[in-house]
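Hi there,

Here is the structure I promised to pass on. Please have a look, and my notes follow below.

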Amino acid sequence: EEYLRWYPGSVGAPRVRQRLDALLTASAKPPERPGARRGAVTRPTDLEIFGSASTQYRRENLEGDAIDSLTTDSSLFSDLSVSTRARSENYLWRGLAAGSYRLDFLDGGEANETRISSFFLDVAQRSGPYSATFGRQPGNTAGVASRFDGVRLSRRLAEQWRVTLRGGFPVEISDSDQVETGRYLYGISIDGEDLGGHVDAQLFALQQQADGMLDRNGIGTELRYADDRLFMAGYADYDLYFGDLNTALVSANWQIGPRTSATLFVDHRNSPILASWNAIQGQ
């Protein structure tokens, strides 16, 4: 404004007027929408969509002096992943759809296969205690050994504590083009974050049913400690029904000095984990 008072007809005056208009417009209150409730503030939803797609061809031939050339695989593998993120005034949204398809070119095409690894929507309150995930989601936490079709509901109890309920149907990746309801699981976990400034902890209990019988009944814990020189993580899963330790993991790294470190890794597990379903399959 001072510049325009002193130099209203200068070469730079139009540029200064445009800049001044932009500043005033940015700080002005936007007009209310027709029919909008007086006093209500409506903010637009920020939405991002991104992903990736790929494809590759695979061919395998067996060659030998005693046999003719034999093609054992001729397939086109395609992968697709689409992610979305949205932010509104009250909620954060995240979605993921990911899967693959194998097209078999050999006679009959018997190896055609669809695999859906993820298909879920995650929503969380921006200033509230609740969050939830619906759909096909990853496991490998709180005693859930693999991905599952279901729901996860969480509520933050305090600044550092959260309780989570989860339930659904375990997913075998080889049959992931449909929802298998022969088995189902349900469980609860309590998580503590940044306890004492260095520790994250989880306690969990999980029960799983298969075709009307108890499949497994697990309890366990996960602990993580980190400071400037030491990182340690541990995980344990004990099955009350079979009376056996399914998994025990310990991983640690200690930075002793600027050029010296020590690493510890302990891995004990049943493979596959003890479950009635595995016993029925003869494993």
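This is a predicted model: local features need pLDDT of at least 70, side-chain atom pairs count only at pLDDT 80 or more; totals for chains, interfaces and linings use all residues.

Residues are numbered from 1 along each chain as its sequence is written, and side-chain values use heavy atoms, with hydrogens and water left out.

Back to Asp-122, which sits in strand S4 (residues 113-125). Its side chain makes a polar contact with the side chain of Arg-152, at 2.9 Å (a polar contact is a pair of N or O atoms within 3.5 Å; within protein, one must be able to donate a hydrogen and the other to accept it, and residues adjacent in sequence count only if both atoms are side-chain atoms). Setting aside neighbours within four places in sequence, Asp-122 is in contact with Leu-92, Trp-93, Arg-94, Ala-132, Thr-133 and Arg-152 (contact means heavy atoms within 4.5 Å).

Ser-88 counts as buried at 14% relative accessibility. Beyond its neighbours within four places in sequence, Ser-88 is in contact with Thr-45, Trp-93 and Arg-126.

Ala-233 belongs to strand S11 (residues 230-239) and counts as partly exposed, at 23% relative accessibility. Not counting residues up to four places away in sequence, Ala-233 touches Leu-223, Arg-224, Leu-249, Val-250 and Ser-251. Its C-alpha atom is separated by 15 Å from that of Asn-140, 93 residues apart along the chain.

Now the whole chain. There are three helices and 13 strands (DSSP runs numbered from the N terminus: H or I of at least four residues for helices, E of at least two for strands). The radius of gyration is 28 Å, well over the 19 Å that the globule rule gives for 283 residues, so the chain is more spread out than a compact globule (the radius is taken over C-alpha atoms, and the rule is 2.2 Å times the number of residues to the power 0.38). The C-alpha atoms fill a box of roughly 95 × 60 × 55 Å along the principal axes. Buried residues make up 24% of the 283 residues.

Best wishes

Definitions and conventions: Buried means under 20% relative accessible area, exposed over 50%, partly exposed in between (1.4 Å probe, protein chains only).
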